[in-house]
Amino acid sequence: MPDLTTDVRYIKGVGEQRAKSLLKLNIRTLQDLISYFPRSYDDRRSFQKIKDLQPGETACVEAMAASSPTISRIRKGLELVKLRAVDETGALDITFFNQVYMKDNLHAGESYTFYGKAEGTHRRKTMANPLVEREGSRVLTGRIMPVYPLTAGISQGMLVKAVEQGLDACRDLLPDPLPEEVRQVHHLCSIGYAYKQIHFPDDEEQLAGARRRLVFEELFLLAIGLKKLRNRRDVLTCLPYASTDISAFYACLPFPLTGAQRRVTGEILSDFAAGRPMNRLVQGDVGSGKTMVAAAAIVCAVRNGKQAALMAPTEILAEQHYRSLAPLLEKLGVTCSLLTGGMPAKARRTALAGLSSGMTNLVIGTHALISADVEYAALGLVVTDEQHRFGVNQRAALSAKGERPHLLVMSATPIPRTLALMIYGDLDVSVIDELPPGRQKIDTFVVTGAYRQRVYNFLRKEIAAGRQAYIICSMVEENNAIPDDRKAALEYAQMLQTQVFPDLQVACVHGRMKPREKDKVMSAFAAGETHILVSTTVVEVGVDVPNATVMVIEDADRFGLSQLHQLRGRVGRGQYKSFCILISDNRSEESRARLRVMAQTGDGFKIAEEDLRLRGPGDFFGQRQHGLPALKVADLTCDMALLHEAQQAAEELLRKDPELNAYPETARRVRRMFELSGDTLN
Ligand code: ADP
Ligand code: MG
């Protein structure tokens with residue numbers, strides 16, 4: 001008797017060769033096979049009489065072969081099998097390209113179901129390469145068919161048959177990770193039924209029910225895992241900070257903190273006093289002043305005898321943080337140092353010595369902060385800036401350099417709160433939902449390339465008034481390959497310098513420059529020595545040049561909305577009215593609509609929601625950088641309501657049985673889900 005662990009070769013038609021191909025889809029056992037869910041469906045339930053078949057329509061036609069198929073060779077490598085099929089209403093000319101075997105499969109006088117797209121005219125209807133089966137068979141036609149993602153050596157038809165056999169053999173053996181009572185309360189169908197219907201739905205309603213159950217299951221397991229992570233953290237302890245008085249810090253700030261900044265700072269300080277390691281995400285739109293909140297936390301940690309590390313995703317940002325924070329913090333007696341990958345060896349040695357001896361209170365840097373040779377005397381606070389660029393592992397690697405240090409994660413990508421809680425499920429979330437006073441709206445325009453000359457004229461006017469501008473040259477990570485953005489940006493900058501603005505200073509910065517060169521260009525721009533900075537998206541996050549008032553983005557349609565919002569956030573940082581000009585020649589309605597969102601709102605949260613809706617969370621967060629286990633069926637943007645329901649059910653179950661002793665299958669599945677994501681749950 002086959003069971004769930006039986007090898008796929010058990011399936012008729014699957015031998016060594018196909019088993020090897022299936023392995024590429026991670027299918028080894030019958031359980032893997034039936035857990036390989038369709039990507040979409042092909043609804044083949046519509047039947048038409050030939051008379052009613054419209055050219056362009058895809059449908060099933062029941063018809064009889066009026067004669068034996070004929071074969072003709074058009075040229076080498078192209079052979080046609082032709083057949084005329086008839087029903088009581090008309091005739092349909094059917095052609096198969098390069099499927100010579102069809103000649104022997106079809107016989108005059110017999111009836112078949114053909115499924116395909118009708119072409120030709122009303123007078124002479126045709127169908128090319130239809131699916132064919134004996135009338136009434138209903139395996140390939142007449143029902144909703146699953147569409148599976150494929151790999152070389154595996155066809156749809158083969159997979160359909162294999163899954164069907166697999167389901168028959170063992171769908172009743174599937175252990176259900178959902179407790180019976182949860183299924184009852186939330187009206188969820190049994191697992192065997194759900195598997196059957198997700199592959200071969202009887203109708204839309206059954207499919208929706210199956211999907212609902214599987215999504216619920218996934219979110220439920222996820223919620224349990226996240227809750228356990230959080231509980232595990234709750235039992236960790238550390239010494240509470242003796243003093244959380246940072247009035248000296250407030251006193252030396254050039255401006256009062258906003259209400260939101262003060263509230264979030266307060267949340268951090270009470271974490272420090274609580275006696276367990278803080279794990280907090282601070283979300284705030286571009287320009288909401290996250291750096292000052294981090295500074296407050298740093299001051300407090302240092303006053304309590306601890307060291308702090310601030311990790312930024314790029315050297316430019318690390319250096320900028322260093323430049324802006326060091327003067328402020330040193331006034332308060334905090335010694336600061338910088339640590340980046342591009343530093344000369346001697347400077348690096350000095351920095352490392354300061355950290356291991358404890359002389360240095362705060363180190364600001366890039367990934368260099370987690371290199372093996374970096375030792376801290378008393379690392380007590382880890383701050384990561386623009387966290388969506390870091391994986392959980394990097395965050396953890398830095399934390400491991402201290403003794404249960406407090407962790408503060410700052411993110412400028414505003415994510416709807418519920419989603420944030422799910423994604424950063426083991427973090428507490430604070431939101432800075434207020435901008436410092438006096439910020440002006442950044443006027444945003446969407447134009448086509450035909451307006452480029454006018455855009456240049458506008459730049460000239462702003463520069464004449466003493467301002468500066470950024471021009472972003474498209475650099476989009478296509479297929480995860482690093483594109484050659486350098487060439488594009490350099491050429492563009494050179495063109496501007498020689499042909500458009502010979503009398504102005506145009507500079508260029510791109511991701512492949514040496515850190516030192518990059519720094520030189522950025523510093524010159526910050527000092528106002530260059531007027532126009534042509535850049536790839538390296539300026540995307542955090543760069544702060546208040547005198548810059550115009551952000552021009554070429555090929556704007558190639559960026560995600562949140563990324564555009566980040567880029568736009570580079571201007572409007574000072575007292576001057578600022579502008580963002582999005583240039584795009586993409587005329588598709590979808591792209592226009594997307595860019596219009598940018599013109600209509602400056603609210604990062606709204607933009608993020610729109611971005612999520614349009615692109616889905618996969619793209620939104622990049623290569624699973626959020627560190628959440630991969631979800632197979634659930635879609636965090638669409639399944640929000642179900643998410644809440646599953647979360648509640650998870651909490652209830654954990655309240656009842658915190659160790660899941662009575663629910664071994666649930667516990668096992670949660671463990672497996674998190675193991676696969678690189679987290680261990682124990
Ligand atoms: P982000 O949240 O994008 O990291 P920053 O921390 O870089 O924002 O702050 C953006 C700008 O706002 C900086 O120039 C900073 O000095 C300024 N800023 C921060 N807080 C305040 C405040 N409370 N009042 C006025 N300006 C502020
Ligand atoms: Mg910032």
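Tyrosine 250 counts as partly exposed because its relative accessibility is 32%, where buried means under 20% relative accessible area, exposed over 50% and partly exposed in between, with a 1.4 Å probe and protein chains only. Phenylalanine 249, by contrast, counts as buried, at 0% relative accessibility. This is a predicted model, in which local features need pLDDT of at least 70 and side-chain atom pairs count only at pLDDT 80 or more, while totals for chains, interfaces and linings use all residues. Residues are numbered from 1 along each chain as its sequence is written, chains are lettered from A and ligands numbered from 1 in the order in which they are written, and side-chain values use heavy atoms, leaving out hydrogens and water.

**Aromatic rings**

- The count comes to 9 aromatic pairs, where rings of Phe, Tyr and Trp (its six-membered ring) pair if their centres lie within 6.5 Å, and planes under 30 degrees apart count as stacked, over 60 as edge-to-face and the rest as tilted.
- Phenylalanine 37 and tyrosine 195 form an edge-to-face pair, at 5.2 Å centre to centre and with 75° between the planes.
- This pair links distant parts of the chain, 158 residues apart, with phenylalanine 37 in the loop between H2 and strand E1 (40-43) and tyrosine 195 in helix H6; helices (H or I, at least four residues) and strands (E, at least two) are DSSP runs, numbered from the N terminus.
- Both phenylalanine 37 and tyrosine 195 are buried.
- The rings of phenylalanine 249 and tyrosine 250 have centres 5.9 Å apart and planes at 55°, so this pair is tilted.

- Leucine 33 touches Val8, Ile11, Ile27, Leu159, Ala162, Val163 and Gly166, not counting residues up to four places away in sequence, where contact means heavy atoms within 4.5 Å.

**Surroundings of ligand 1**

- Of the 16 residues around ligand 1, those that come nearest are Gln261, Gly287, Lys290, Thr291 and Arg439, a residue being near if one of its heavy atoms lies within 4 Å.
- A nitrogen atom of ligand 1 is 2.8 Å from an N or O atom in the side chain of glutamine 261.
- An oxygen atom of ligand 1 lies 2.7 Å from a polar backbone atom of glycine 287.

How values were computed
Polar contact = N/O pair within 3.5 Å; in protein donor to acceptor, adjacent residues only side chain to side chain.
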